[in-house]
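Please examine the sequence and the structure shown below.

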Amino acid sequence: MRGITAVFRREWSAAVTSPVAWVATVLAVLGLHAAFFFLGFPVGDRALPSFWVGRTASLDALFAWIPVFFAVLAPALTMASWAEERRAGTDEILLTLPVKTRALVAGKWLAAWVLLGAITTVAVLPVAFAVDSVGPLDWGTVWGGLIGAWMFAAAAVALGLAASALAREELVAFLLSAALLFGLWSAGLFVRVLPGHLAEVAWYASPSLHFLDSGARGVIDARDACYFLLFVLAGLSVNAAVVEGRRYG
């Protein structure tokens, strides 16, 4: 536990002082707010009007954009985690420390997850208060949506860290994890028009659908919670296997 805490502090400090992370965060949050107030969610059969057009005290359109928000922000926050260590050669020093591989991986994941979850909370709550000032907002749905978003964030970060561990360059890590997250999101758009078996595969594979079908509606489903837990464990296992191979390679 001490090793995880030490790595968490190191990664947290690096993340909150990174100009790249700050720029990506500001742009992503501004884009999320602009989409909610002026664009709505015009994609697929889940299309929703913008707040000013729909004039409904609901954050449905905001939560509908969360998968896209994570597909941009999670890779931006995780791309340097391992790729930069390899490029700078500091991974060799890190791997010689008396810290187990799983502690290194867990510490990096925890720091990125807390940061992404905090950014998401800060992005959602001001909009919620603004909407509530216009009409009665169902705060149960808001809190349920945030809990679901935190679970989704855990999975997105685990995937981003695995991509960073596999890549030698930050840009490659960003593009790889963003492509995977966008691919999983876009697969969910076609789930209703796919044949039965393919539709089931798309639903089970897409973290976006697990979030949109429960957390985004204010419902915490145990099956979706188990899905995100397994997704995180799979991502961290890949991460640990790659790093462990480098330690003894």
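The following paragraphs treat the ring pairs and then a cavity. The model is predicted, with local features requiring pLDDT of at least 70, side-chain atom pairs pLDDT 80 or more, and totals for chains, interfaces and linings using all residues. Residues are numbered from 1 along each chain as its sequence is written, and side-chain values use heavy atoms, without hydrogens and water.

Rings of Phe, Tyr and Trp (its six-membered ring) pair if their centres lie within 6.5 Å; planes under 30 degrees apart count as stacked, over 60 as edge-to-face and the rest as tilted. By this rule there are 19 aromatic pairs. Phe 41 and Trp 65 form an edge-to-face pair, 5.1 Å centre to centre with 80° between the planes. This pair links distant parts of the chain, 24 residues apart: Phe 41 lies in the loop between α2 and α3, and Trp 65 in the loop between α4 (60–64) and α5. Helices here are DSSP runs (H or I, at least four residues) numbered from the N terminus. Phe 41 is buried at 2% relative accessibility, and Trp 65 is buried at 15%, where buried means under 20% relative accessible area (1.4 Å probe, protein chains only).

Ring pairs also join Phe 63, Phe 69, Phe 70, Phe 152, Phe 211, Tyr 227, Phe 228 and Phe 231 into a cluster. Phe 70 and Phe 152 are among the residues that line the second largest cavity, as are Trp 185 and Ser 208. A cavity is a set of points on a 1 Å grid over the protein atoms alone where a 1.4 Å probe fits but cannot get out, and lining residues have an atom within 4 Å of a point.

Technical notes:
On a 1 Å grid over the protein atoms alone, a cavity is a set of points where a 1.4 Å probe fits but cannot get out, and a pocket is an open set with protein on both sides within 12 Å along at least five of seven lines; lining residues have an atom within 4 Å of a point. Helices (H or I, at least four residues) and strands (E, at least two) are DSSP runs, numbered from the N terminus. Buried means under 20% relative accessible area, exposed over 50%, partly exposed in between (1.4 Å probe, protein chains only).
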